Amino acid sequence: MIEQPMMAKICDIQEESPGVKTFFFKLNLNFEPGQFVMVWIPLLDEKPFTISYIQKDLVGISVLKRGVFTNAIHSKKIGDMLGIRGPYGRGFSLKPDSNSCVVGGGIGMASLATLVDRLNLVVDKRRGHVTVIQGARTAAEIIYQKRFRDMKLCTEDGTAGFRGTTVDLLKDLLKKQRFQKVYTCGPEKMLYKVVELCGEHGIECEVSLERYIKCGFGVCGQCDCSGQRVCIDGPIFNIQELSRMEDFGKITITKTGARVIH
Ligand SMILES: Cc1cc2nc3c(=O)[nH]c(=O)nc-3n(C[C@H](O)[C@H](O)[C@H](O)COP(=O)(O)OP(=O)(O)OC[C@H]3O[C@@H](n4cnc5c(N)ncnc54)[C@H](O)[C@@H]3O)c2cc1C
Ligand code: FES
């Protein structure tokens with residue numbers, strides 16, 4: 001683990017969609033799918049991102065352009081430096097001998113990408129399979145178009161794949177096939193519905209939860225969700241843990257500490 005930010009040089013940049021770019025670094029990180037790193041831009045801020053690619057000594061973060069910080073990352077060029085510390089948090093637990101479904105909404109797909117890569121490596125092909133569902137508002141927002149073996153797309157406007165939400169598509173698949181485990185990341189309203197659906201079908205489920213992260217290693221309490229610190233107890237939580245977290249799907253804490261309804 002890197003405990004203080006280490007300045008890493010951007011060695012490649014890949015455009016995944018008009019709003020998402022992946023920045024690659026030559027770094028050796030002992031990273032488990034589901035964990036995250038803190039990315040630092042000196043004199044600006046430090047924010048959490050997951051590792052979306054990992055190959056030998058090459059790691060990548062895929063960044064959706066949203067506000068000041070992500071716009072600043074998008075303005076970086078090959079050769080520029082970013083600070084990186086981590087990885088932090090608890091990752092996904094893999095179930096290689098079963099049929100899994102990985103459900104990603106929007107940029108949530110970035111947090112699931114190395115999980116899909118790892119599952120495809122370790123899955124026992126006689127007994128298990130990995131199905132990926134990627135949902136976006138429209139076709140232009142789809143990322144990693146050619147990356148995974150079995151990826152089903154859905155868009156809210158019907159411009160790519162199934163017309164509807166990831167939850168609609170998961171419901172549809174469950175009429176025809178059985179999954180032993182579902183892994184998911186995306187908007188919290190979507191996560192809540194996926195967890196509900198898994199509960200109804202008796203399917204194991206793990207969720208990557210998002211809360212505002214400041215320290216990233218459990219000291220400031222900013223990322224609290226019903227007594228759980230998302231940065232250290234999560235960001236991955238299972239269905240039993242989530243059932244005890246009353247704020248899940250309902251309340252989040254802003255960077256100034258206000259409790260707001262989702
Ligand atoms: C564990 C984890 C992993 C993440 N991985 C990725 C990723 O791989 N790719 C990606 O594009 N985004 C990821 N994010 C979200 C990313 O941190 C925010 O998009 C980014 O901080 C936005 O900063 P901004 O200044 O551009 O936007 P802002 O305008 O400040 O915020 C836009 C949105 O991002 C959220 N956000 C802002 N700051 C933080 C923060 N410090 N911690 C958590 N959320 C914040 C806000 O609540 C708001 O909803 C992840 C978040 C978490 C918690
Ligand atoms: S971000 Fe500080 S305790 Fe989680």
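Predicted model: local features only at pLDDT ≥ 70, side-chain atom pairs only at ≥ 80, totals over all residues.
Student: How do I read the numbering and the confidence limits?

Tutor: Residues are numbered from 1 along each chain as its sequence is written, and chains are lettered from A and ligands numbered from 1 in the order in which they are written. Local features need pLDDT of at least 70, side-chain atom pairs count only at pLDDT 80 or more, and totals for chains, interfaces and linings use all residues.

Student: At what angle do the axes of α3 and α4 cross?

Tutor: Two packed helices are described by the angle between their axes and the distance between the axes. Here, α3 (residues 166–176) and α4 (residues 188–201) have axes that come within 10 Å and cross at roughly 15 degrees. So α3 is roughly parallel to α4 (angles under 35 degrees). Their crossing is right-handed.

Student: Which residues of α3 meet α4?

Tutor: Contact means C-beta atoms, placed from the backbone, within 7 Å. From α3 come T166, V167, L170, K171 and L174; they meet M190, K193, V194, L197 and H201 in α4. These residues divide into six nonpolar, two polar and two charged.

Student: How many residues of domain 2 are in contact with domain 3?

Tutor: 12 residues of domain 2 are in contact with nine of domain 3. On the domain 2 side, α4 and β13 (204–208) each give two or more residues. The largest share, six residues, comes from α4.

Technical notes. Axes fitted to C-alpha atoms, helices over the stretch in contact; angles between N-to-C directions. Helix = DSSP H or I, 4+ residues; strand = E, 2+ residues; numbered from the N terminus. Parallel < 35°, antiparallel > 145°, perpendicular 65-115°, else oblique. Left-handed = near helix turned anticlockwise from the far one by under 90°. Contact = placed C-beta atoms within 7 Å. Nonpolar A, V, L, I, M, F, W, Y, C, P; charged D, E, K, R; others polar.
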